[in-house]
Amino acid sequence: MNTHTPGEASMTRTVLVTGVSGHIGARVALALAADPEIDRVIGVDTAPPPSPAGEDGAVLGRTEFVRVALRSPDLVKVIRDADVDTVVHLSLVSGPGGSGRAGGSGGGRPAMKEHNVIGTMQLLAACQRSATVRRVVVRSTTAVYGSSPHAPAVFTEDTEPVEGSHSGFARDATELETYVRGFARRRPDVTTTTLRFATLMGPSVESPLTSYFSQPVLPTVLGFDPRLQFVHEDDAVEVLCRTARADHPGVFNVAGDGVLLLSQCARRTGRPVIPMPSPAFRFVSGLARGARLVDFSPEQLALMSHGRAVDTTRLAAELGWRPKYSTAAAFDDFLRSRGGPGDLPRALVDWLADVVRPIS
Amino acid sequence: MDDFQGRRTDENAGERTADERLAELFAFLRRRVTGEYEVDEFGFDPDLNENVLLEALRPLYRHWFRVEALGLGNVPADTGALIVANHSGTLPVDALMLQVAVHDELNRPLRLLGAHLVYQLPVLGHLARKSGHTLACPEDADRLLRKGEVVGVFPEGFKGIGKPFSERYRLQRFGRGGFVASAIRAGVPIVPCAIVGAEEIYPKIGDIPALARLLGLPYLPITPLFPWLGPLGLLPLPSKWLIEFGEPIRTDEYAPEEADDPMLVFDLTDHVRETVQRRLDALRLRRGPAFSPIVM
């Protein structure tokens, strides 16, 4: 089955992608499967990919899908039997509801933690046992830095993540990174890459923030205007594929160039903003959560007040590549896919200019 | 001479036709409502800063305090520098005036390093970010200096700005010298800066420490006008101001690693502090009375 030519024995042959039913996971698997240098792509997830009317070939290409939970012993068997040499671990979920992902099948916070943390532990344990795994790429998030008025304005990879100050998703990611560091220490012969992604943005991204920006009015926290940073889904897929194909050891921030203030984002959408005091904002987001409109987690509430920006020079230096979309371009691309920005405010200013000019 | 010409063109700009100014106003409004402007990674919004925030401060700078900026040639024209100034006046009006001075007379944005308190407060923290300032921490200071920005710092902090009127123009302790270490790491010159005039705007003759603690503030001042006159007591007294940029103190002769040598950092910190105190005394003599007809 494996058609290794002797000289290429060390090259990437079989890639395992976890979280393959998620949007990014499916795209990464598809892109890797299209690469002639990769023999096999095996996708695993707890739920099958959302395939349009049964033709899962269209979603995942020649990826072989295996339905398995990360914490089940079957995973060890998959890794062993298939001679997996590269593991791309993407199954970090951001909310108990799974927010748009087929994988996070409800179950609340305990299930989410089980999936994120225990799942990663099991996966890494399997990798540690494996004699074939040469490269591990893990998806993390810039949420590990937290959002606080007491932190530096721009986080580099060396900034110590603040312990204890955050909950849920961010804590899961922090714990996940701890296990990855431990794994990298125990298996120095395996190239380990941790990618801390900024908020994903793009036409097909379904996240609390994209549903927030799709609401007819945008509540904001009075007196706060956080800095936000986005990474376009195309760039996220590209980074994951590049790190899956070649050795890039280390921890890297991944974000589009530049920042947007929340007020700036809101203005670009052309939608009205309702600033409200922090407790009222929390109350409203609680309501929105109940109504299944926007599912903001506690750390996202902090983000909506204090924002976050990261430095990406390390990634650019390592890959010799920069994201194609800046933060602003990624956001504009997302807006275009949702019918473009509302034109009312611009039209209003133009109208006012026309009215005032003849008078003066 | 150059600065003088800079001002002239500025005034000429003020004589543009009403039509042009109106067109500019609408172009500004259009940019603002559509979000088509750039903000840097610290949240600095130059468009808003120049057209709104500084514009609001300029009358105070020009007509109320009649600020004179001296030694403008001592600030590098296009490379990084760390301006170290004395802090006074109960409210940080001196920071705002220094910002106008550096922007209008030197044509460079000033990036101040501010107290944690500022960034905890709603509105204030984000206005500070939009006008180019950030939190006083080594990471942000290093980053701004490496980018070649003019960074400003008030090492006395609350000890300086909140000192009683009786101690005016007496420099307080200069923190832990973190600013010196940042300058050494970046190899940028330290520009000592003396600000005369801010001490008299809200003469702090008393303090209500119990209430300040309750409100989480470093002090709650009593001035001749506050709290007696209510909000009117917030009106700063129209003292005459001088801002002088002193001769730069070079740090590029040290290796960046020497920023970790505490003895060197202490010595340089003391040197900067003495320089500022000396210039402050000279400048105070030069200005004379704070309020022209009255001798203080």
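Trainee: How many residues of chain A are in contact with chain B?

Mentor: Bear in mind that this is a predicted model. On the chain B side, 26 residues take part in the contact. They meet a set from chain A that numbers 25 residues.

Trainee: Which helix gives the most to the side of chain A that touches chain B?

Mentor: Helix H8 (262-269) and helix H13 (344-359) of chain A each supply at least two residues of that side. The top contribution is six residues, and the helix that gives them is H13(A).

Trainee: How many residues on that side of chain A are nonpolar?

Mentor: The side of chain A that touches chain B includes five polar residues and six charged ones. The nonpolar group there comes to 14.

Trainee: What share of chain A is buried?

Mentor: Chain A has 13 helices and 15 strands. Of its contacts with a separation of 6 or more, 81% are between residues 24 or more positions apart. Across the 360 residues in chain A, the buried share is 49%.

Trainee: Why is helix H1 of chain A described as largely enclosed?

Mentor: The helix covers residues 23-33, and among its buried residues are A:His23, A:Gly25 and A:Arg27. A residue counts as buried if 20 or more other C-beta atoms lie within 10 Å of its own. H1 of chain A is largely enclosed by the rest of the structure because its buried residues number ten of the eleven.

Trainee: Which residues have the most contacts inside the largest nonpolar core?

Mentor: In soluble globular proteins, nonpolar side chains tend to be buried together. Here the largest nonpolar core has 159 residues, and helix H4 (residues 93-106) of chain B gives the most to this core, with nine residues. The residues with the most contacts inside the core are A:Val28, A:Val231, A:Val254, B:Leu82, B:Val84 and B:Met97.

Trainee: Which residues is A:Val28 in contact with, leaving aside its neighbours within four places in sequence?

Mentor: A:Val28 is one of the buried residues of H1(A). Its contacts beyond those sequence neighbours are A:Val17, A:Val88, A:Leu90, A:Val237, A:Leu240 and A:Cys241.

Trainee: Turning to chain B, how far apart are the C-alpha centres of domain 1 and domain 2?

Mentor: Domain 1 of chain B takes in 1-36, while domain 2 is made of 43-201 + 236-287. Their C-alpha centres are separated by 27 Å.

Trainee: Which domain name does UniProt list for residues 81-198 of chain B?

Mentor: In the model, that span is 41% helix and 19% strand, and its end C-alpha atoms lie 23 Å apart. The UniProt entry is unreviewed, and the name it lists for these residues is "domain: Phospholipid/glycerol acyltransferase".

Trainee: Which are the edge strands of the seven-stranded open sheet in chain B?

Mentor: The order is S1-S9-S6-S2-S5-S3-S4, and the pairing is mixed. Each edge strand pairs on one side only, and the two are strand S1 (68-70) and strand S4 (134-135).

Trainee: Parallel or antiparallel: in which sense do S6 and S9 of chain B pair?

Mentor: S1(B) is joined to strand S9 (residues 242-245) by three bridges, and these two run parallel; B:Ala69 stands opposite B:Ile243 there. Between strand S6 (residues 190-196) and S9(B) there are four bridges, with B:Ala194 opposite B:Glu244. The sense of the S6 and S9 pairing is antiparallel.

Trainee: Which two residues of chain B does a cis peptide bond join?

Mentor: Most residues other than glycine have a negative phi, and most peptide bonds are trans. In this bond omega is about 5°, and its proline is found in the loop between strand S8 (221-222) and S9 of chain B. The pair is B:Phe226 and B:Pro227.

Trainee: Buried or partly exposed: how does B:Thr90 count?

Mentor: Phi of B:Thr90 is near 70°, a positive value in a residue other than glycine. B:Thr90 is placed in the loop between strand S2 (81-85) and H4 of chain B. Because B:Thr90 has 22 C-beta neighbours inside 10 Å, the residue counts as buried.

Conventions:
Residues numbered from 1 in each chain as written. Chains lettered and ligands numbered in written order. Predicted model: local features only at pLDDT ≥ 70, side-chain atom pairs only at ≥ 80, totals over all residues. Domains from an automatic or database assignment. UniProt positions renumbered as here; feature names shortened; annotations may be inferred. Buried ≥ 20, exposed ≤ 12 C-beta atoms within 10 Å, placed from the backbone. Contact = placed C-beta atoms within 7 Å. Nonpolar A, V, L, I, M, F, W, Y, C, P; charged D, E, K, R; others polar. Core = buried A, V, L, I, M, F, W, Y, C linked by C-beta atoms within 7 Å. Pairing = 2+ DSSP bridges.
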